[in-house]
Every structure is written in C-alpha cells, then in structure tokens.
Amino acid sequence: MLPYLHKNSQKSKHLKRKSYAYIFKYILIGDTGVGKSCLQLQFTDHHFQPFHDVTIGVEFGTRTINIEKIPIKLQLWDTAGQENFRSITRSYYRDTTCALLVYDVTRRETFDHLDNWLKQILEDGNEKMVVMLIGNKCDLIDNRVVTTEEGEQFARANGLIFMETSAKTAKNVEEIFVKSASTICNKIKDGVF
Ligand code: GDP
Ligand code: MG
C-alpha cells in the first residue's frame, strides 16, 4: 500500500455514520479566479458563492461518497493566495491521489497556462496521481472563448480525464468527483496503487 492511499484502520463501531474505506487526497490547482474554491464549496456544501474570496493558505473540505458501495472519504485541498504555478510547494503535492486542474472557459489565458501547470505536476507530483482537466464556468455561454473541443483535445493529448463544469449551476460538479474517484478505484482493482 503506497502512502498516498490511506486505508482507514479505525474501528467502524466508533464511526458509525462516518465510516469509510479509503481517504483520497485531492488538490485543486489552476490560475486564480477560475473557480476552484467555488467548485469545492458546491461539492461539499451544495452552495455557490458569487463573490471572489481570496483566502490565504490552504482550505480543506471533506465529503464521503460511495463508489460501488465502498465509502470513500475525499479530502480536498484548495490552494488560496498561492496560485502562481511556481509558488505551490512540493509538499503540497505530497500524498496526492488526484489533482483537479481547473481553467475558466471564459478566460483564454487560464487555458494557455495549462502547460505550465502540467509541467509542475510532472516535476512535483507522483506519477500515479490521477489528473482531471476541468473547464469551469460553462454556464457563461455568451462569454465563452475556449471551446469544448479544445479542452477535449488538450486532455486527449496529455492523457487526462476531461469534463466541463459550472460551480454556479452545479452542472457536472458531482460528476467530476465520482468520475475521478471511480478511476482511482479501478486503478486500485488493477493493482496500480
Ligand atoms: P479560485 O480563485 O480559483 O478559487 O476562484 P473562486 O472559486 O474564488 O471563483 C472566482 C470567481 O468566479 C467568483 O466571483 C465566483 O463567484 C466566480 N465563479 C466560480 N465558478 C463559477 C461558475 O461556474 N460560473 C460563474 N458564472 N461564476 C463562477
Ligand atoms: Mg480560491
């Protein structure tokens, strides 16, 4: 068992409602303002925050979901105030099971910076980490500048899973976590982890 895949060893009788089989560490990365904090909040609290709240440090969120009846606790690490791809430290990536790499479909530069983010993932992440590409703010139809096809193409070229989301309407928010956690579970079954 590798260190970034924490199997729960606590006795479930003490944790009747919160019992889980695994903890997966997720990190949310991508440029400032793409909607990382909002995606996290929508997933953990089913809530959308319309103003930009730049928090300092790292914010955590957790939620347990079932994948094929196995309870998996997702521990989400949201960077705040250090979204320059050069300033996220190596320790942030440690023990990460899944990276959600987010861009904003209404801001071209956030898509153009994906190469830099991937480069850092390769340098500082572990090679088994699942990376999912997320084109957020797809509710802003009139402001869209990055097409779905461009996102798909980038994902295919780099071996990433891809989905477009809206943290505002909650479109595909549940789905990105279920899809990535299922991918990890399949890798566990296949003995990759
Ligand atoms: P972060 O810097 O990546 O954490 O970005 P935030 O989550 O703080 O979001 C930045 C801004 O974009 C905020 O004003 C949010 O309300 C807005 N926002 C985030 N996600 C969406 C979305 O899916 N649709 C729309 N319309 N606005 C969003
Ligand atoms: Mg944030």
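Author: Helices (H or I, at least four residues) and strands (E, at least two) are DSSP runs, numbered from the N terminus. The model is predicted: local features need pLDDT of at least 70 and side-chain atom pairs count only at pLDDT 80 or more, while totals for chains, interfaces and linings use all residues. Residues are numbered from 1 along each chain as its sequence is written, and chains are lettered from A and ligands numbered from 1 in the order in which they are written.

Reader: What average pLDDT does the protein chain have?

Author: pLDDT is the predictor's confidence in each residue, from 0 to 100. A score of at least 70 is reached by 82% of the residues. For the complex, the predictor gives an ipTM of 0.99 and a pTM of 0.90. The chain average of pLDDT is 86.

Reader: In what pattern do the helices and strands follow one another along the sequence?

Author: The protein chain holds 6 helices and 7 strands. Read along the sequence, their order is β-β-α-β-β-α-β-α-α-β-α-β-α.

Reader: What percentage of the contacts between residues at least 6 apart in sequence join residues at least 24 apart?

Author: Two residues are in contact if their C-beta atoms, placed from the backbone, lie within 7 Å. Among contacts in the protein chain between residues at least 6 apart, the share joining residues at least 24 apart is 68%.

Reader: Which residues come nearest to ligand 1?

Author: A residue is near the ligand if its C-beta atom, placed from the backbone, lies within 6 Å of it. Helix 1 (residues 36-45) gives the largest share of this shell, 3 residues. Of the 19 residues around ligand 1, the ones that come nearest are G35, K36, S37, C38 and K168.

Reader: How many residues of the shell around ligand 1 are charged?

Author: Ala, Val, Leu, Ile, Met, Phe, Trp, Tyr, Cys and Pro count as nonpolar, Asp, Glu, Lys and Arg as charged, and the others, Gly among them, as polar. The shell holds 6 nonpolar and 8 polar residues, and its charged residues number 5.

Reader: How many of the residues of helix 1 are buried?

Author: A residue is buried if 20 or more other C-beta atoms lie within 10 Å of its own, exposed if 12 or fewer, and partly exposed in between, with C-beta atoms placed from the backbone. In helix 1 the buried residues are K36, S37, C38, L39, Q40, L41, Q42 and F43. Helix 1 is therefore largely enclosed by the rest of the structure, its buried count being 8 of the 10.

Reader: Which exposed residues sit on the face of helix 4 turned away from its buried side?

Author: Helix 4 (residues 114-124) has L114, W117 and I121 as its buried residues. Seen down the axis, these fall within an arc of 60 degrees, so they line one face of the helix; the arc is that of the directions from the helix axis to the C-beta atoms. They pack against strand 2 (22-29), strand 5 (98-104), helix 3 (108-112), strand 6 (130-136) and helix 5 (148-158). The face turned away from them carries D115, K119, L122 and E123.

Reader: Which residues touch the most other members of the largest nonpolar core?

Author: A nonpolar core is a set of buried Ala, Val, Leu, Ile, Met, Phe, Trp, Tyr and Cys residues joined through C-beta atoms within 7 Å. Of the 42 residues in the largest one, those touching the most other members are L100, L101 and M132. The elements giving two or more residues to this core include strand 2, helix 1, strand 5 and helix 6 (173-189).

Reader: Is N172 buried or exposed?

Author: N172 lies in the loop between strand 7 (161-164) and helix 6. Its phi is positive, about 65 degrees, although N172 is not a glycine. Because N172 has 20 C-beta neighbours inside 10 Å, it counts as buried.

Reader: What positive phi does A170 take?

Author: A170 is placed in the loop between strand 7 and helix 6. With 17 other C-beta atoms within 10 Å, A170 is partly exposed. A170 is not a glycine, yet its positive phi is about 75 degrees.

Reader: How far apart in space are the C-alpha atoms of I188 and E152?

Author: I188 belongs to helix 6. It has 16 other C-beta atoms within 10 Å and is therefore partly exposed. I188 and E152 are 36 residues apart in sequence, and their C-alpha to C-alpha separation is 26 Å.
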